[in-house]
Amino acid sequence: MTPAPAAAGPLSTLAGDVVLRAEHVSVEYAGAQPTHAVRNVSLELRRGEVLGIAGESGCGKSTLAYALARLLRPPARLTSGTIQFYSRDRSDPVDIMALDAAALRRFRWAKVSMVFQSAMNALNPVISLGKQFADIFIEHVPEMGRDARDQRSRELLEMVGISPDRIRSFPHELSGGMRQRVVIAMALALQPEIVIMDEPTTALDVVVQQEILDEIHRLREEIGFSIIFITHDLSLLLDISDRLAIMYAGEIVEYGYSEQVAARPAHPYTYGLLHSFPELRADRHELRGVPGSPPDLREAIVGCAFTPRCRFAFGPCPSTHPDLRSPSHAPRLALVPGARQVIGPDISSAGWSVACHLHDPKLRPAGPPAEITQPAGSSAPAVTAGEDT
Amino acid sequence: MSILEVRDLSVEFTQRGGPRLRAVDNVSFELRAGETLALVGESGSGKSTVARALCRLVAPSSGEVLLRGAPAGRRGRALRRYRREVQLVLQDPFASLNPSFSVEHHIRRPLRISGHPRAGIDQQIDQLLRSVNLSPPRVMAKKYPHELSGGQRQRVAIARALAPDPAVMLADEPVSMLDVSIRLEILNLLDALKRDRNLALLYITHDLATARHFSGRIMVMYRGEIVEYGPADEVILNPAHPYTELLESAVPRAAVTRDQLVVQRRERLQERKIAPPAERRELAADTGCRFRGRCPYAMEICTTHPPDFEVSPGHTARCWLRDPAGPAGRTA
């Protein structure tokens, strides 16, 4: 299982721990003015963990996921970067970008499978579930006999909590939650090492969503695969993922353990996202969200892409691009009283990075212990400086 | 002041080869000027059908709707007058705006239909756009839906709903299609408009947290029935119906540690093993309490349909557990 945050090493762990490593991945959508949807993203997925990727629509999170599974189709194009896959059998790493068509066909679904957002569209409405399961095995395990296929499909349904008799059902005979379970069973059919889930619960209501998430966790513990979980709902990600990557305008702006990020968001954007939804049981107070809209990714972005929406922007932000660095929690973004509690007073900053000039001691607005106050008329908290961890 | 009063509203749909489906079953409530009432429930509970019946996009099969004490118009001019007063904002701003017309057109139409003279209509459009914070209004007016972000589109939809100067606004999941980061802006806008224009707002949502934070009272709907009703804080912090409890417990909470999360997950999975939820839900009860198939506290008496019991002043729950004369205190 994943190590506890306290015991966490730096982000570049030993290769044995890692199942997927992406380095400097950039993707653009061709056009008169190409859209730079993913810009120089590096991340790694560790064996058995849930890595959450959060961000607004159009921030490139789905494009990144598609790139990792090499599912991009023109006009999308990977313009740079490497993606390495480390199999659990400890054989040589696979360079996903170098696979030829036949090898890629064998690789996909067997090693990396995907759960798409809309379970309604991911299933074929005119074919029974049994036949859709069979398609997977016919393609990838041609030596498997009809009875064995049927047997395995029933097992898979049972595994996700659906009666095996449903094998003869058609998708429209199932509820939304059941369909999503079927899609998950299909993704697990070939025991992949990585499952990419793109907004798997967005169309479901809270009760069903919780059931599906519990199910995903149970299966991960029983079978042992890694998950890349993509959603715009940060409260959900904090609940299910071990580590988080926050994306903005095609880049990762914050990357760390969920507990770290939840307790002390280091990037102003993460902070904004965390305070975009009211806490169910907390006191009522005014919330702001993140006013404004993301930049046009067709334009060249100079400096920090978040600058126009950032309440804390200062000198270098519009002109100098911030690189990912270890957060220095002075100044740290304080928390709305009663909103999100700090989990533990001291949180290690190991394995945590943020792309923001506020965390660069050389650039940070001077004068410790300084206080950056919030704009007048806002009840949002101030940023307090001078507390190093 | 009560603006819209709904009495025993029911909506039935015919199903091919089956019995009629009662999507809304004897629902009664009132909307007051300057107040937000939230209607929450899971998908398929009938929330949207309530909104559609209130603006008469579907015909109620029985029940009464009173606007300022007078029965709502059913046809012709009276219906048009009623619709002008009761406006709807839909969930999906990508589908609810016509892609081939400008923003201006979307707002001019309802203004004209509700009898605004041609003279001064541009100023009125600008004022409406300004009231939903779309500025500069003259520039925004000329834009087409594809040039707008999701949040801006929803603002246009709100401006359009405001155009006939309604007394009642029905907002059906107005932010669920929008990014988390801009949801609050739209909700804050609706809240401000409600205050400034003294609107009666029905906020339909499956999100309990925003329901609590943006409304005075909450109604919880389950399979067509209002099972709990009361002041927002009361309903969320002291839920009286087991279904509300279930909804509330399913909301992800960030303030617990990961170890606790794992333990909670294991417990829930263990509980569900006893009765797989996907199947359990199919046990729709025709008589008695409709929730009893999923209810952890189900008792013998639950085969009889429960009435509304008052839990505290203004807070009611349709559950036998709340029967002051009954056998049951809460068991868990």
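A crossing of two helices is called left-handed if the near helix is turned anticlockwise from the far one by less than a right angle, and right-handed if clockwise. The views below show a predicted model, in which local features need pLDDT of at least 70, side-chain atom pairs count only at pLDDT 80 or more, and totals for chains, interfaces and linings use all residues. Residues are numbered from 1 along each chain as its sequence is written, while chains are lettered from A and ligands numbered from 1 in the order in which they are written.

**View 1. The crossing of helices H3 and H4 in chain B.** The crossing of H3(B) and H4(B) is right-handed. Helix H3 (residues 103–113) and helix H4 (residues 121–131) of chain B pack at an angle of about 115°, with 10 Å between their axes; axes are lines fitted to C-alpha atoms, for helices over the stretch in contact, and angles run from 0 to 180 degrees between N-to-C directions. Helices (H or I, at least four residues) and strands (E, at least two) are DSSP runs numbered from the N terminus. H3(B) makes the contact through Glu104(B), Ile107(B), Arg108(B) and Leu111(B), and H4(B) through Ile121(B), Gln124(B), Ile125(B) and Leu128(B), where two residues are in contact if their C-beta atoms, placed from the backbone, lie within 7 Å. By class, this contact has five nonpolar, one polar and two charged residues, with Ala, Val, Leu, Ile, Met, Phe, Trp, Tyr, Cys and Pro counted as nonpolar, Asp, Glu, Lys and Arg as charged, and the others, Gly among them, as polar.

**View 2. The two domains of chain A.** The assignment, which is an automatic or database one, divides chain A into domain 1 (15–241) and domain 2 (267–389). In chain A, 11 residues of domain 1 are in contact with six residues of domain 2. On the domain 1 side, strand S2 (35–46) and helix H8 (234–240) of chain A each supply at least two residues, and S2(A) has the largest share, with three residues. The residues on this side of domain 1 divide into five nonpolar, five polar and one charged.

**View 3. The largest nonpolar core.** A nonpolar core is a set of buried Ala, Val, Leu, Ile, Met, Phe, Trp, Tyr and Cys residues joined through C-beta atoms within 7 Å. Of the 181 residues in the largest one, Ile228(A), Leu202(B) and Val220(B) touch the most other members, and helix H6 (residues 176–187) of chain A gives the most to this core, with seven residues. Because domain 1 and domain 2 of chain A both give residues to the core, it lies between them. Leaving aside residues up to four places away in sequence, Leu202(B) touches Leu31(B), Leu37(B), Leu39(B), Ala51(B), Leu170(B) and Ala171(B).

**View 4. The contact between chain A and chain B.** This contact takes 43 residues from chain A and 36 residues from chain B. On the chain A side, H6, helix H7 (206–223), H8, helix H9 (258–263) and helix H10 (268–274) each supply at least two residues, and H7(A) gives the most, with seven residues. The chain A side divides into 16 nonpolar, 14 polar and 13 charged residues.

View 5. Tyr269(A), placed in helix H10 of chain A, is buried, with 29 other C-beta atoms within 10 Å; a residue is buried if 20 or more other C-beta atoms lie within 10 Å of its own, exposed if 12 or fewer, and partly exposed in between, with C-beta atoms placed from the backbone. Not counting residues up to four places away in sequence, Tyr269(A) touches Ile246(A), Tyr248(A), Val253(A), Val290(A) and Phe306(A).
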